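User: I'd like to go through a protein model with you, one question at a time. Here it is.

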Amino acid sequence: MMEIKKNPLNLNSTTLSIRTIPNGFCFALFERYSKDLLYFAQHDFSSLLNQEDELNQIIHQQPILNHSFDEVFWLVDTEKYFLIPSSIFEQESLSHYWQLNFHPLEENESIQYDIIPTSDVVVVYAIDKRLESLFQKQFPNLQSKHKQSIQISSVLKKYRKNGQQLNLFLYEDCFDTILIENGRLILANSYPAKDVNEFLYFLLNIFEQFRLDQYQTELNIHDSSSNEVWINETKKYISNVLVNKECLAPIDKKFMQSAECIKQITLLNLPLCV
């Protein structure tokens, strides 16, 4: 278990952000209004229990998680999502939309959606309904948000100038893209990328497909993976590259102890950005 906290720890007016990861569970606690990071913990799962049982055990054995929080966000990070224009979106047609894009839902899945208020788009995605039930029982005010929904809202809120801008959110084995033009959303998608060659293939394909100018289009890279190789190779092909490595919420130096800690905190504070 990795645990870092700010002393003294004041639990009044706090926001909890939680995230399941392939081999564990992590969460961060923020001061609601200043958005200062107060606490971070990451638990790695063992092979003795199934994920649901072990997560239930962690939640009930972690004293800080038995507090009543002002806000609780579950950051959902799954590749199974798609966008649909809000002008034609109908909640009662969610199952139909899903089958058009993916196979029928798996037994343990349920469909959720996020409405993006700054754009004519709805993000539809699947969540594990067993985990949802567990989280809702512990946190009655739970709000689930897909990672891409938050990234889209944040980008549209922050970048409203004229022209084209492509935003990349780099992760360990994939990257998310958000293309805006004159403040309007043009593209939002995710791509697998295990190495720099796959990354460049998809990136340059986007520039070609959308006729982006490799000299004029602003490419804004949000890097939580500390992948200098990908960034340096990108600069060989794209002239106007801006790199943002800063965490989105104010972070005390004690929380910057490891690259893993920084990566998880960067993701966990995404819900605070919109």
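User: Is Phe-82 buried or exposed, and what is its relative accessible area?

Analyst: First, a caveat: this is a predicted model, where local features need pLDDT of at least 70, side-chain atom pairs count only at pLDDT 80 or more, and totals for chains, interfaces and linings use all residues. Residues are numbered from 1 along each chain as its sequence is written, and side-chain values use heavy atoms, with hydrogens and water left out. Buried means under 20% relative accessible area, exposed over 50%, and partly exposed in between (1.4 Å probe, protein chains only). Phe-82 is therefore buried, with a relative accessible area of 8%.

User: How many aromatic pairs are there, and how is the pair of Phe-82 and Phe-102 classed?

Analyst: Rings of Phe, Tyr and Trp (its six-membered ring) pair if their centres lie within 6.5 Å; planes under 30 degrees apart are stacked, over 60 edge-to-face, and the rest tilted. That rule gives 15 aromatic pairs. For Phe-82 and Phe-102, the ring centres are 6.2 Å apart and the planes sit at 45°, so this pair is tilted.

User: Which parts of the chain does that pair tie together, and how far apart are they in sequence?

Analyst: Helices (H or I, at least four residues) and strands (E, at least two) are DSSP runs, numbered from the N terminus. Phe-82 is in strand β6 (residues 81-84), while Phe-102 is in the loop between α2 (94-101) and β7 (109-116), so the parts tied together are 20 residues apart.

User: Why do the buried residues of α3 count as being on the same side?

Analyst: In helix α3 (residues 129-138), the buried ones are Leu-131, Glu-132, Leu-134, Phe-135 and Gln-138. The arc is taken from the directions from the helix axis to the C-beta atoms. These residues are on the same side of α3 because they cover an arc of only 165°.

User: Which side chains make polar contacts with the side chain of Gln-165?

Analyst: Gln-165 is in strand β10 (residues 164-170), and at 4% relative accessibility it counts as buried. A polar contact is a pair of N or O atoms within 3.5 Å; within protein, one must be able to donate a hydrogen and the other to accept it, and residues adjacent in sequence count only if both atoms are side-chain atoms. The partners of the Gln-165 side chain include the side chain of Asn-167 at 2.7 Å and, at 2.6 Å, that of Glu-218.
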